[in-house]
Amino acid sequence: MNVMSSLIWAGRRMELSQQNLPSWTLFLAVCAVGIGGTFQYGYNVSIINAPTQHIHKFLNETWTSRYHKELNPDLLTFLWSVIASIFSLGGLCGALIGGSMAIRLGRKGALLMNNIIAILACILMGISFPTGLFELLIIGRFLIGINSGIGICVQPLYIGEIAPKHLRGGMAMGTSIFLTGGILTGQIIGLRELLGGETYWPLLLSSSCFPAFAQLLFLPWFPESPRYLLIDRGDELSCAKALKRFHGSSEYQREMEDIQRERFALDGEKPKKPWQLFTDRGVRWQLITVIVMTMGQQLSGINAIYFYATYIFEQAGISAEKIPYVTLGTGACECLTALTCELYSWVPYVSMTSIFAFILSFGLGPGGITNTLTAELFIQSSRPAAYMIGGTTSWISFFTIGMLFPFIVNELKQYCFLVFLLECSLVAAFIFLVIPETKNKSFLEIKKEFHKLNFGRNTEKKDTELYERRQLRDEF
């Protein structure tokens, strides 16, 4: 009897553990969207660091050939900052159009079309050196930034909508995994033994076409977001087919019921524009959370490390021949602060270790959670607009850091990362005091958690009804 009970209990545990794992279709879909989404973003953040000296030489030689005089060092720093940070300006443009593309073309369609931009960018960057036109390099970096801005907006939107609620957090970590995988891959490919040498750096920058081709090859085999199909398109049959592929014939009905409840709650509400969210009291604190979290993610200093690792390690006192390999170590971790080097020979390596700890803690926290949280805090009608606002905030912060950080390094030297300390502390306090737990909750349940913040803890039922009537009036 005891043996039989043990076997039954073991069978139930195995069944529960299987339910807590994604299907192969879900897992492969995450891989297909990730390779052309956050992988592309991480890859292009990191590969620009390896050819720093070669691009400086290219700029100097091109300028001398054109104008028959030496390039001023301050102007060289400015041009290098533009090449590095124009990527984030392109990302801002991508974030502004990513939500609209996701609504008009669908989540899957937007990701597929996005790869055309990446391929064009790679062509321009690849021919910049043989043509002697550094302007093509700037335009190419701008276009690959647009590609990354769209990808980092639409990918977590797609993953958040196809994932069952008990797996949403784990699956959404695929966003962070592919981002850091892209960073690490870019750092490996950027080693001087591979494509980081003086001869091959144009090939390094144009190698972003390979993730684009990979997504064009694999993503068409997977369904569109079921929530988009039912709520936005009203196509119940296609939604059911997509859910069966993602969750299996025996499990899809539960997800279908959850989507139908959200559709009923929306009552035909159309996708909102970003500016409408700023006047919508019902999403006030969700919007504040997204803005604070995305600003905190960028202003933590993490991308300053990836963009300007060579500068940082030079100022820390690491020898030039070791810097590419030390930089490679930053991609193997993910996140929290590189503090100082002093006058002793061993301290540069303490500074290096601090950077690794910085990166590790970032990956455990904001690197994996921020984009996931945006999907969870908003229902279907507000979600694309929320990603546009979050993406815009993120890329403006990113651009600001990209432009200012070389000058911060020049002025503050080993103390350059102290400017991020206060910001990290304030964001941590905000997270602790404001954001509720979202684990294993539906989108509607999370919306109810924020209701008290948005309307006050002593809100009467009539206040809620008044808000809902105003929403219906606005729709008409």
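**Reading a helical model**

User: Which residues does Ser206 touch, not counting residues up to four places away in sequence?

Analyst: Contact means heavy atoms within 4.5 Å. By that test, and with residues up to four places away left out, Ser206 touches Cys122 and Gly126. Before we go on: this is a predicted model, where local features need pLDDT of at least 70, side-chain atom pairs count only at pLDDT 80 or more, and totals for chains, interfaces and linings use all residues. Residues are numbered from 1 along each chain as its sequence is written, and side-chain values use heavy atoms, with hydrogens and water left out.

User: Where does Ser206 sit, and is Ser206 buried or exposed?

Analyst: Helices are DSSP runs of H or I with at least four residues, strands are runs of E with at least two, and both are numbered from the N terminus. Ser206 belongs to helix H9, residues 201-206. For burial, under 20% relative accessible area is buried, over 50% is exposed, and anything in between is partly exposed (1.4 Å probe, protein chains only). Ser206 has 13% relative accessibility, so it counts as buried.

User: Which backbone oxygens does the side chain of Ser206 reach?

Analyst: We're looking at polar contacts here: pairs of N or O atoms within 3.5 Å, where within protein one must be able to donate a hydrogen and the other to accept it, and residues adjacent in sequence count only if both atoms are side-chain atoms. The Ser206 side chain gets to the backbone oxygen of Pro202 at 3.0 Å, and to that of Leu203 at 3.2 Å.

User: What does the whole chain look like in terms of helices and strands?

Analyst: There are 25 helices and 0 strands. Of its 476 residues, 54% count as buried. Take the contacts between residues at least 6 apart in sequence: 81% of them join residues at least 24 apart.

User: Are Arg107 and Glu161 buried or exposed?

Analyst: Both are buried. Their side chains meet in a salt bridge at 2.8 Å, N to O. The pair links distant parts of the chain, with Arg107 in helix H6 and Glu161 in helix H7, 54 residues apart. Arg107, Glu161 and Arg383 are linked in a network of salt bridges.

User: Which helix holds both Asp258 and Arg261?

Analyst: An α-helix has 3.6 residues a turn, so residues three or four places apart point the same way. Asp258 and Arg261 both lie in helix H13 (residues 252-266), 3 residues apart, or about one turn. Their salt bridge is 3.6 Å, N to O. Asp258 is buried at 12%, while Arg261 is partly exposed at 46%.

User: How far does helix H6 reach from its first C-alpha to its last?

Analyst: The expected span is 1.5 Å times one less than the number of residues. H6 (residues 106-131) has 26 residues and reaches 38 Å, close to the 38 Å expected. Next after H6 comes Gly132, whose phi is positive, near 70°.

User: And on the surface, which residues form a nonpolar patch?

Analyst: Patches take residues with over 30% relative accessible area and no salt bridge, joining like charges within 9 Å and nonpolar side chains (Val, Leu, Ile, Met, Phe, Trp, Tyr) within 5 Å. Accessible areas come from the Shrake-Rupley method with a 1.4 Å probe, and for residues only the protein chains shown count as cover. Here the patch is Leu412, Tyr415, Leu418, Val419 and Leu421, with about 440 Å² of accessible area together. Leu418 sits in the loop between helix H21 (383-412) and helix H22 (421-434), and is partly exposed at 41%. The protein chain exposes about 22,000 Å², with carbon and sulfur atoms supplying 65% of it.

Notes: Salt bridge = Lys/Arg side-chain N within 4 Å of Asp/Glu carboxyl O.
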